[in-house]
Amino acid sequence: MIDFSILVNYFPYYIEGFLNTILASVLALIGSFVLGSILAVFRITGVKPLQWIGTAYVEFVRNIPLLLIVFFFWYALPTFGMRLDGFQAGTVGLTIYTAAFIAEAIRAGILSVPKGQMEAARSSGMTYVQAMLHVVLPQAIKLVIPPLSNQFINLIKNSSVLTVVAGLDLMYFADKVNGDSYATVSAYVFAGLFYLVLTLPMSYGSHVLERRLAKSS
Amino acid sequence: MDFAGAYSADNLRFLMEGLKMTLYIAFWAILLSFVIGCIIGVIRYMQVPVVSQILAVIVEVLRNLPLLLIIFFVQFAIPQINVFGLQFKFTVPAGAIIALTLFEAAMISEVVRAGLKSIPKGQVEAARSSGLGSIQALWHIVLPQGLRRMVPPLVSQFISLLKDTSLAVIVALAELMHNAQIIIGQSPNYSIPILLLVAMIYFVVNYTLSLISRRLETRTA
């Protein structure tokens, strides 16, 4: 039922897909962290128009499928004369989508830091930005790390949508192996194992981290 | 961009058919994954020997795989597995429901387990010492309190399930996203109007769900 010669013969395919999946996930993580941080700050500054933008973005993006966002970059962008390949469209889509979830995680982290901290920092002469950077954010980061690591695991799993737009990720190559060899069960089982190699240690690690952070606070 | 052409009566009807399929798949997958997830969650909470260890492995594996892989696997790989001359073949909608149920039941079982674990042990001990059996204590004391705490994470899980039905485009399930893709195929000028409309449809359905959840949250808190 499970044919190990498939793994051996198509190893380069799996590795290429595996590396592309990691690349897409890491790029999207960096991008969505930056975008998510900006959105989170938008939502808590108290400046009304910024707050609206932040809230609208988060509420809208969280309630539509990731695939729809990817399709936007895949189908709609060319009408503006911009053409992205599958990998680019998928990675940009992942970034836009994940940013909404990361913004929420960061916002929750910042809000959980008592107000007095910000007030104390401000009254000792720091500007808002200084107080944010030196006092509030370092405390918030502790609470943000566990949900962020969960988002990264989700990113790795979600990066499989690249397959739908031929984005050369692990799932795409698994499909290719299946098409080449007709060994459907093996082709997908090995792809699954490659995913688990990435996600299982990370989800175990995030459990441990969560427990350790909970103990230290 | 051609809004008038994209929103022709035929296209709108076609999208509505897709929405119907999306809701149909989501309804059954939510129902089944909730029931199965509750059963798994309770078994793991009660720490039934052997069964709960086996379930723990299955849940961890399913949770850490991409849903897309599970959809592929159910649709293409399972029919190839021959167990004692038994073969399983599914229609596309049935396969999508099974795949979504497998994945979401694993997710929901974790929500249920966390909800039950959040009820202080003293409650169970008090119930047991006043003569209730362990199942009675679970049923009358732990579950009613736990369920209340599970509402927000459960609803957000249901919302992601509804969004995830769109992944079934990969097996050409005729749901909303798939039908949208077909309309876009008619003309590139349709892509923006159709994607906007489809985004609004998903948003309205999911946002309504999250509003209901917030209502329930404030009422039960």
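Me: Let's start with residues 151-173 of chain A. What is the chain like there, and how far apart are the end C-alpha atoms?
Reply: Over residues 151-173, chain A is 52% helix and 0% strand, and the end C-alpha atoms are 24 Å apart. Helices here are DSSP runs of H or I with at least four residues, strands are runs of E with at least two, and both are numbered from the N terminus.

Me: What kind of model is this, and how do the numbers and letters work?
Reply: This is a predicted model, where local features need pLDDT of at least 70 and side-chain atom pairs count only at pLDDT 80 or more, while totals for chains, interfaces and linings use all residues. Residues are numbered from 1 along each chain as its sequence is written, and chains are lettered from A and ligands numbered from 1 in the order in which they are written.

Me: Which residues of chain A does UniProt list as "transmembrane region"?
Reply: The unreviewed UniProt entry gives 22-44, 56-77, 89-113, 151-173 and 185-204 of chain A. UniProt positions are in the numbering used here, feature names are shortened, and annotations may be inferred rather than shown by experiment.

Me: And what about 56-77 in chain A?
Reply: That span is 82% helix and 0% strand, with its end C-alpha atoms 22 Å apart.

Me: Which domain does UniProt put on chain A?
Reply: The unreviewed entry places "domain: ABC transmembrane type-1" at residues 18-206 of chain A. Over those residues the chain is 81% helix and 0% strand, and the end C-alpha atoms are 21 Å apart.

Me: OK, zooming out. How many helices and strands does chain A have?
Reply: Chain A has nine helices and zero strands. Its C-alpha trace spans about 70 × 50 × 25 Å along the principal axes.

Me: How much of chain A is buried?
Reply: Buried residues make up 46% of the 217 residues in chain A. Buried is when 20 or more other C-beta atoms lie within 10 Å of a residue's own, exposed is 12 or fewer, and partly exposed is in between, with C-beta atoms placed from the backbone.

Me: Now chain B. What does its secondary structure come to?
Reply: Chain B comes to nine helices and zero strands. The C-alpha trace of chain B spans about 70 × 50 × 20 Å along its principal axes, and 41% of its 221 residues count as buried.

Me: Which residues of chain B are listed as "transmembrane region"?
Reply: UniProt's unreviewed entry lists 21-43, 55-78, 90-112 and 190-209 of chain B. Residues 90-112 of chain B are 91% helix and 0% strand, with end C-alpha atoms 29 Å apart. Residues 190-209 of chain B are 95% helix and 0% strand, and the end C-alpha atoms there are 29 Å apart.

Me: How many residues of the two chains are in contact?
Reply: 31 residues of chain A are in contact with 32 residues of chain B. In contact means that the C-beta atoms of two residues, placed from the backbone, lie within 7 Å.

Me: Which helix of chain A gives the most to that side?
Reply: α9(A) does, with 10 residues on the side of chain A that touches chain B. By class, that side has 20 nonpolar, nine polar and two charged residues. Nonpolar covers Ala, Val, Leu, Ile, Met, Phe, Trp, Tyr, Cys and Pro, charged covers Asp, Glu, Lys and Arg, and polar covers the others, Gly among them.

Me: I clicked on A:Pro65. Where is it found?
Reply: A:Pro65 is in the loop between α3 and α4 of chain A. Leaving aside neighbours within four places in sequence, A:Pro65 is in contact with B:Lys163, B:Ser166, B:Met177 and B:Tyr202.

Me: Is A:Pro65 buried or exposed?
Reply: A:Pro65 is buried, with 25 other C-beta atoms within 10 Å.

Me: New topic: how do α2(A) and α3(A) pack?
Reply: They pack at an angle of about 130°, with their axes 7 Å apart. That makes α2(A) oblique to α3(A). Axes are lines fitted to C-alpha atoms, for helices over the stretch in contact, and angles run from 0 to 180 degrees between N-to-C directions. Under 35 degrees counts as roughly parallel, over 145 as roughly antiparallel, 65 to 115 as roughly perpendicular and the rest as oblique.
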